[in-house]
Amino acid sequence: MTDPQKLPTYFGIRNLGLIVLVALAYFGVAQTGYLVASENEKVTTLLSASGVGLAAILLLGKRISPGILIGAFFSNFFIYLKYADVSLATVILASSFISIGCLVQALVGNYLFSELVPGKNPFDKTTEVYRFTFITLFISFITALTTAATINLFKIKTNSDFYDTIISNWLSDITGLLIITPLLLGWTKTTAREYKNNYVFETVLLYSLVFCVSGFIFLNWFPGVIHFKKAYLTLPLLLWAAKKFEQREVVTAIAISSTVAILGTLKKLGPFSNEAIDDSFLSSQIYVSIVSITILSLRAATSERYESELELRKAHLELNSIAEERKTKLTTTLKEVEDYQRRIDSIFNVLLKYTVMNFSEKAPISERADEIDAISAGLNTLGEELQYSISAEKKYTENLENLNSLLQDSEQQIQTIFANAPEAVIVMDAEGIIDRWNPTAEEIFGWTSNEIIGKPFHEFVIPPHQREIYLKGIKHFLVGKKRHVLNTPIEIEVMNRNGNLFTIALNISPTLMKGRYLFIAFARDITEAKKAEEKLHYTSYMINNATDAIFASDKNLIITFWNNACEKLYGFDESEVIGKSYLEIIKSEHPETSSRESALKELNETGSWSGELYHFSKAGKRIPVLSSNSLLKDKTGKMIGYLSVVRDISEIKNAEKEIKRSQEFLNSVVENVPNMLFIKDARDLKFVGFNKAGEELLGFSRNDLIGKNDYDFFPKEEADFFTEKDKAVLRGGVLFEIPEEKIHTKNKGIRILETKKIPLFDEGGRPKYLLGISNDITDRIKMEEQLKEKSVELARSNTELEQFAYVASHDLQEPLRMVNSYVQLLSTRYKDKLDQDANDFIGYAVDGSNRMRNLINSLLAYSRINRVKPFEQVNLNKMMTEVLQDLKNRISENKATIKVDELPTVFGDHVLLSQLFTNLIGNAIKFKDERDPEITISYTKKNDEFLFSIKDNGIGIKKEYAEKIFVIFQRLHSKEKYPGTGIGLAICKKIVERHGGKIWIESEIEKGTTFYFTIKENLKSPV
């Protein structure tokens, strides 16, 4: 039996649990995204589970790969089984292919992370964020391509577009990777900070504000507010989060904002909502992806800056520690000197004790010999001790002299250093009274030591606005040893003797001497250094942010500088090229007339070389560039390297091609335009250009014309006319039109031209050329004359026709009345005496005569339109009251509702306008369905005419009959269903045209019709 401890990692109980957990997480997220997509087969998927897969394999390793494979398989299996109209075997195969693509994506992402993002947390540095973005863009394409290929291969969606499917799935995976992966890694790979109450409060406030602002923008919580281009209102909060909070709080805020944005778009709300739901989701996904990358990059930059500040603080503390250590050593040395001095004083006192003898006291002398011997022995002993003391005194005196000499030398050295120090050294007491003031201080501040010693430092050096900070720093140190300003290098503004402000680097150190504090200030004028630093920073900024690629190399062509534009142009990061050969990094292609060797030779000989050539990027892209190169030299003039400025001229080259193409197109248009086009020199009016149409019209070739003027080809009278017009155009400086001018041609005789002339100016605004365009209107004038004759003849014919129609319709009334009377008499007398057929025939005859009478009356009304009196002002509001009164019975019978807006006063024929509104309102009442008629009459003012509309809710008219209804005697319905003669709308059309307008309809079956017609505002006579 197998030992459980020796089972492979995949089969361990713990790992099996992790595999199941990853599979469930992958399945849940993928199901959510697919369910959204399944509502519309063209909608992009949301909440892609790719982020779960990548985060899982980064955190748990390759051993959880089965979990990704299983989760991806079942998520696709259930979706396709439910929505795809394919067999079970096809669903299994398709799900297997896509799940393998998802696993490959996670494995490739894991490999790229291990190679490109070696840090523990991939979002600590901006470069790591950018590399993560690159990895996301690359690996997301794997599943996008796999999914699109599988869908099309197995025909899961019959109407899916391959490229649309790739794009939608690609964006979906990018969104999932950029939102879910940072969220999971941020909460697992980063160390939790110490959560204090204020930080917890700020975090809750951040989440609440992000959710509320996102809801306002994307969920339209306040519908009255216009949501136009306000998606980025969430950015200030997210930027605040990136600057203020730790990584896990930032990624959570991004996730909250992105989730609300996607949910709002799903509900067709927010700034990304439009009619095409697919476009809405794509836009929202692009937005959340850009926001995620931007905020993660800013958070990484903030983290890098914070780490840099910590390193600087650490270095500063180390420097302060070294300074304190040296200060302690100096203090110890001073104490040793003081102890040595005390020892010397003690020795001196002993010497005095033994050498100064008091002879005022008399010593009794014993007469006994032994006493004398004892005294003698004592004196001898005393003498020996005295001799030893004198020797010791000499020795200590010599040592004291040596020590004094050393102290004097040290003092002299200190004075020399103090006097020659390159920085201003100022010593002052606790009250800020200056005790010492070295020559450099005199030079910097302008005050001599005699003028400044014994006076307050701050009153002469510190500007008024800085004095409070300075005095507080001294006070805090004396009271509580707090060093807010002391021992801290600061840059402040100070003033000199003349009151001028300048910047110094100031460091004030306290020193305890003999029980009291002295303060030593070291000051250095950094005004010029600041200017140089700013200039250097400005220069570096300009070079790094220049639009041209700028790089430098040493004399061996080893690259030493590489600006940002180089990275964009060539695709190489600075770290990839610094220290490498220019020949290795930049591949070039020179024109046939030069080579890299010849260019380098010319550069070394002349000091510069520039020219156009092709460079190749890291990806192999061929780029046309303008390369300007020069030698770099040191102060002595010795060559130390090369400087190259490279400009991408792709747009210029494309523009040149476009200009050339446009020029060729323009020349082709000018050459083939049917009108004569010519150009004259503004100085002597000689031809400098001519097109083909001009040659054909005049009968001369352009070679004969160019370089000559009008007098060389045309009669003097014509040449004088042309020349006079040309000069007038040049004087006026504007377009000049000549409606008609005669010209003698070589082959076509006299022709009549319509000409436009305009001057062309130089850069100084002076006329340089004269452009002329002439159109041969000879045939048109002849046709216009013929048309005038035809118009007169047509007007006469129309008048006769109208007269005939009027007479015919009028004269037919009498015989028709007679026929109608006899038929009715026949019907009355013989109705019951004849058979049924005869009765029917009589009925047909009566009906026909009535219809004939109505047609004749309508024809008579139609012919009378052009016989009405001239126009006058018509108050349409008053007229409409009369029309509605006439239609009162019909309105009441049909239960019609008529709404009339305020109408204008127009020029027109009162009778005709009344008939126009009566016919259109009557039509709206007649052509109704089961609903009661609802009619609205309104107007608007457009330019110089009134636009009227009469809208109803009737049966409507098909679009193909929109023009037919205005033709005389045309009907769309049988007379049994809708009685009438079919001439009413033709009369309306003729009335509108007589008032200088036009009439048309907009209609939809069973929804009603709107009649539109226009009437000229100030047309005082009929058309």
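Q: How many bridges join strand 12 to strand 16 (residues 767-776)?
A: In this predicted model local features need pLDDT of at least 70 and side-chain atom pairs count only at pLDDT 80 or more, while totals for chains, interfaces and linings use all residues. Residues are numbered from 1 along each chain as its sequence is written, and side-chain values use heavy atoms, with hydrogens and water left out. Strands are DSSP runs of E with at least two residues and helices are runs of H or I with at least four, numbered from the N terminus, and two strands pair if DSSP finds at least two bridges between them. Strand 12 and strand 16 run antiparallel, with Leu 677 opposite Ile 773, and the bridges that join them number six.

Q: Which residue of strand 13 is the bridge partner of Ile 679?
A: Strand 12 is joined to strand 13 (residues 687-690) by three bridges, and the two run antiparallel. They form a hairpin with five residues between them, and Leu 685 in the turn has a positive phi of about 55°. The bridge partner of Ile 679 in strand 13 is Gly 689.

Q: Why is strand 12 (residues 676-681) described as largely enclosed by the rest of the structure?
A: A residue is buried under 20% relative accessible area, exposed over 50% and partly exposed in between, with a 1.4 Å probe and protein chains only. Strand 12 is largely enclosed because, of its six residues, the number buried is five.

Q: Which helix supplies the largest share of the lining of the largest cavity?
A: A cavity is a set of points on a 1 Å grid over the protein atoms alone where a 1.4 Å probe fits but cannot get out, and lining residues have an atom within 4 Å of a point. There are four cavities of 30 Å³ or more, and the largest holds about 220 Å³ of space, a volume being the space filled by probe spheres set on grid points joined across faces, edges and corners. Its lining has 18 residues, with Tyr 582, Leu 600, Leu 603, Asn 629 and Ser 644 nearest the centre. The largest share of this lining, four residues, comes from helix 20.

Conventions: On a 1 Å grid over the protein atoms alone, a cavity is a set of points where a 1.4 Å probe fits but cannot get out, and a pocket is an open set with protein on both sides within 12 Å along at least five of seven lines; lining residues have an atom within 4 Å of a point.
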